[in-house]
Amino acid sequence: MLQNLHVKNLALIDEIEVEFEDGLNILTGETGAGKSIILGSVNLALGGRYSKDILRQGADYGLVELSFLVENEQQVRKLKELDIYPEEGVVLLSRRLMAGRSVSRINGETVRSGLLKEAAQILIDIHGQHEHQSLLYKKNHLGIVDAFARETVAEAKKRVRDAYKEYKACEKELKGTSSDEAQRAKELSFLRFEAGEIRDADLKPGEDEDLEALYRRMANSKEIAECVNEAYIYTSEGNENASENLSRAIHAISDIAKYDDTASGLYDQLVEIDSLLNDFNRELAAYGSECEFSEEEFRETESRLNEVNHLKTKYGDTIEEILQYCARQEKRIRILEDYDRYIEELQKKANASEEKLKKHVKSLSALRKKQAKVFKEAVEEGLRDLNFENVRFGIRFAQTKDYTSEGTDELEFMISLNPGQPLKPLANVASGGELSRIMLAIKAVMAKRDEIETLIFDEIDVGISGRTAQKVSEKMAVIGKGHQVICITHLAQIAAMADHHFMIEKATRQGDTRTEIRKLNEQESVTELARILGGAKITDTVLKNAVEMKELARQTQAGE
């Protein structure tokens, strides 16, 4: 549930904060007061596109914050899959907008805008002013049915996608085959040369690192030998060397070691130091002898290192990459040496992948058709609730010419609005107002299956009035019983159904115009209904009508 909306420095908004609640939240106000700006800011917070013009004049940045209370276990699970964890049941989405860039955060942590959008799809569903126009395009109809049938078709869709990927890979490999024998012979010769060059080098993994270390020692062997010799003189061979002086110290302190524990401990430490120094001298002498190289050894090492580096420039940055390259070339050699058999096996593989894809596509299509029937019946019932008295709704299935990652189903919504009229494509029959109601019916059906708790409708009442408007208001109230609904409306019938009524208005102070929003009490809500009904002048009759409309709405919600 969307608990809180905080907006700062956007368009005419200086700073507003709104606390939404369960049920049907209605937003009303004069045309131009900024209703769409408020809900538009929600879209911005969820990763929507914006231009710098949206920022309030004189402001360096804009800010939108949405606070969601998440109690639905399915939502919690899906959020955790995105590595998003509600803090005390709350998820805070925010977006700071600046000229040319924006910063998105979830629970205070900066995230990519893509993750913000993924989280939004779990938490909220927004129906914009023109979204119902998407029903005019049949390419969107498959997605709507699949969204309705999500739990049922999810695994089948995954199998189709995986099979399609395999099928396309085989198809691509087949298209890449060549029938030019001379060209294949030329390629085979070149591959044999490259593989032979790598094999003849007899490379060993890690050899390059060992060679480079050895070459550095050889190249600096004179300096190393001089330093080792000087250190050896100071510790073991020269006059007054450390080893001899240490022996004298041990002899001197040995005479008092028997008198107390402190002296004995100091004696033991000196003996241990002498032992360590002897070990050091032996290792130093051995290291010095290892740094003695002949010119022939140096040339061999340098030659081998040059050979390895030459192969690196041609086949890979490391010996491991060179060997992998060689393995790929040898695999290709085996293919070219028996090309006819390779083509035959590839064709078999492609045929098998197509049969597999065909099987999964058929299974998916069967599931879709079953779910489409359930969807069709539910939408048809919903349309009757919205004053389509003699409506018939249908879904026509066709097949695409080629396989796709979604299968081969092509869907189109069909409708008949009058008795005796055949089903026709939705785009050819429905007007703007009718499309808006059809989309509402679809949203209502989807809401019953969806875990999304918050639904936003921006002017769902376009092109309707009278009895139809009353039916729409009743449908909104029904949806509000199971979901949090936030709705912008111009119609009194819908506004009367509000569980929580908010007023959006412009206020001008000291020459500065701002959009503000406030929650209305019962009497203020009635007054706002009267304004919607009566326009500029609110008469006693209009006010009485508003009171009656509010009372009728309460009775409808109570089921009286």
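**Helix crossing, α6 and α12.** I looked up the handedness of the crossing of α6 and α12 in this predicted model, and the crossing is left-handed (the near helix is turned anticlockwise from the far one by less than a right angle). Helix α6 spans residues 181-201 and α12 residues 319-337; they pack at about 145 degrees with axes 9 Å apart. Axes are lines fitted to C-alpha atoms over the stretch in contact, and angles run from 0 to 180 degrees between N-to-C directions.

I then listed the contact residues (heavy atoms within 4.5 Å). From α6 they include Arg184, Glu187, Leu188 and Leu191; from α12 they include Ile322, Tyr325, Cys326 and Gln329. By class, the contact of α6 with α12 has nine nonpolar residues, one polar and eight charged. Here Ala, Val, Leu, Ile, Met, Phe, Trp, Tyr, Cys and Pro count as nonpolar, Asp, Glu, Lys and Arg as charged, the others, Gly among them, as polar.

**Whole protein.** I noted 19 helices and 15 strands, taken as DSSP runs (helices H or I, at least four residues; strands E, at least two; numbered from the N terminus). The radius of gyration is 40 Å, well over the 24 Å of the globule rule for 560 residues, so the protein is more spread out than a compact globule. That radius is taken over C-alpha atoms, and the rule is 2.2 Å times the number of residues to the power 0.38. The C-alpha box along the principal axes is roughly 120 × 80 × 50 Å.

**Basis.** Residues are numbered from 1 along each chain as its sequence is written, and side-chain values use heavy atoms, without hydrogens and water. Local features need pLDDT of at least 70, side-chain atom pairs count only at pLDDT 80 or more, and totals for chains, interfaces and linings use all residues.
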